[in-house]
Amino acid sequence: MDVTILSRLQFAVATYFHFLFVPLTLGLVWLLVWMETKYVKTGDEEYKKMAKFWGKIYLINFAIGVVTGITLEFQFGTNWSRYSQYVGDVFGSLLAIEATVAFFLESTFIAVWVFGWDKLSKKMHALAIWLVAIGTNVSAIWILTANAWMQHPVGYVIRNGRAELTDFAAVVFQPYVWLKFTHQITAAMTLAGFFVAGVSAYHLMRGSNVSFFKKSFKMAITYALIASILVVAIGHEHAAEVAKTQPTKLAAMESLWETKTNAPIYLLLWPDADNEKNAVEALPIPGMLSLLAFHSTSAEVKGLKDFPKDERPPVLPTFLSFRLMVGLGFLFILLTLYGFWKRDEIENHPLFLKIILYSVPLTYLAILLGWTLAEVGRQPWIVYGLMKVKDAVSPTISSTQVLVSLIAFTLVYTLLGIADFYLIFKTAKQGPKA
């Protein structure tokens with residue numbers, strides 16, 4: 001098999017696996033902040049117990065997330081050396097800041113938080129988890145800034161055959177960065193809210209630790225409700241930014257083949273990329289795509305046929321990942337609205353508790369669909385409009401080398417995943433006495 005395809009597959013395996021853990025870390029840490037701050041303010045020991053119990057799950061998840069993230073950075077040097085050479089001046093500086101500043105802050109204060117119970121004052125201990133949360137999110141900012149630059153490269157000049165950084169502020173403060181970051185963070189908060197609500201629902205259905213898990217459920221469902229509304233609202237603004245900066249991705253998201261003004265959204269649609277049309281196209285809402293993308297029903301939206309075939313992203317996976325992600329986003333709002341409404345008597349709604357428990361995997365699915373949309377929709381570019389994926393792969397590696405490492409990665413990740421999910425499942429099932 002081709003080296004480029006194998007390298008893409010290897011990076012995709014590593015990224016998707018890593019991304020099973022990162023969102024829970026990003027979202028759960030702010031719930032820990034809320035729980036421990038409540039403990040400091042009220043003196044209620046149950047909030048301290050909550051911070052410790054959910055913190056144990058956070059630590060298990062955090063450990064695997066860190067391990068799997070390190071391998072991604074190695075792949076830039078092993079599998080993607082042309083890419084690293086071409087854009088390392090920009091990309092490398094962003095990752096270096098993440099590793100030396102944000103991750104250092106995060107990992108240092110995790111240790112303080114873990115070993116500081118009963119050694120520090122309540123306020124100083126709570127300060128530690130605040131700093132962990134800040135470090136975690138600052139870390140995410142730099143990672144997502146690097147990714148946003150790949151989606152919309154700015155602040156550089158091509159000199160001596162490589163991209164050299166000329167305007168650091170333009171890279172960091174471009175709208176794409178902050179829309180991507182806030183969309184990702186609120187998605188992670190939604191996932192964490194559903195995770196805590198789902199585990200709480202499991203125990204409430206069994207009548208175990210009712211006071212503890214009812215409090216956890218109420219906090220989690222409130223958190224998830226706010227986050228799920230924000231993630232949809234920010235997602236809309238993010239899509240509008242994509243329309244301006246990545247028109248091929250937008251056209252693939254909506255399977256739009258012809259350039260149109262007053263472009264509609266079709267409620268029933270199925271792409272037929274081979275024949276450059278839609279196999280099914282029904283129930284149009286006139287002007288809606290123009291309105292959502294450019295805030296005007298008369299705006300022109302470029303169709304895929306306006307771009308060379310070799311510069312179009314794969315239409316079906318881009319289209320499906322977008323539509324499914326959006327559908328799940330609205331489903332999460334409905335579920336959390338109902339849960340928030342019934343939060344004071346939630347133990348009397350066993351069917352809804354079961355639905356919330358079984359919805360937890362859907363939040364993981366929604367985030368993975370979002371990542372698929374971002375990365376597949378950018379194809380064939382590794383840096384949009386600047387460098388194609390086929391030009392980024394290392395020239396000295398063989399397909400056998402990549403295949404062997406891919407198999408090794410997959411086996412190791414599978415074992416790590418089984419171990420991690422077993423530990424999380426076991427801890428969650430045992431409850432706060434674990």
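Gln174 counts as buried because its relative accessibility is 6%, where buried means under 20% relative accessible area (1.4 Å probe, protein chains only). This is a predicted model, in which local features need pLDDT of at least 70, side-chain atom pairs count only at pLDDT 80 or more, and totals for chains, interfaces and linings use all residues. Residues are numbered from 1 along each chain as its sequence is written, and side-chain values use heavy atoms, with hydrogens and water left out.

Gln174 sits in the loop between α6 (168-173) and α7; helices are DSSP runs of H or I with at least four residues, strands are runs of E with at least two, and both are numbered from the N terminus. Leaving aside residues up to four places away in sequence, Gln174 touches Ala148, Trp149, His152, Val154 and Ala169, a contact being heavy atoms within 4.5 Å.

A nonpolar core is a set of buried Ala, Val, Leu, Ile, Met, Phe, Trp, Tyr and Cys residues joined through side-chain atoms within 4.5 Å. The largest one has 86 residues, and Trp54, Tyr58, Phe195, Phe217 and Ile356 have the most contacts inside it. Helix α7 (residues 175-206) gives the most to this core, with 16 residues. Another core, of 28 residues, lies apart from it and includes Tyr83 and Leu406.

Strands β4 (residues 265-272) and β5 (residues 277-285) pair in the antiparallel sense over 7 bridges; two strands pair if DSSP finds at least two bridges between them. Leu268 has Ala282 in β5 as its bridge partner. The two strands form a hairpin with 4 residues between them, and Glu276 in the turn has a positive phi of about 50°.

Terms used. Buried < 20%, exposed > 50% of the residue type's maximum accessible area, 1.4 Å probe, protein only.
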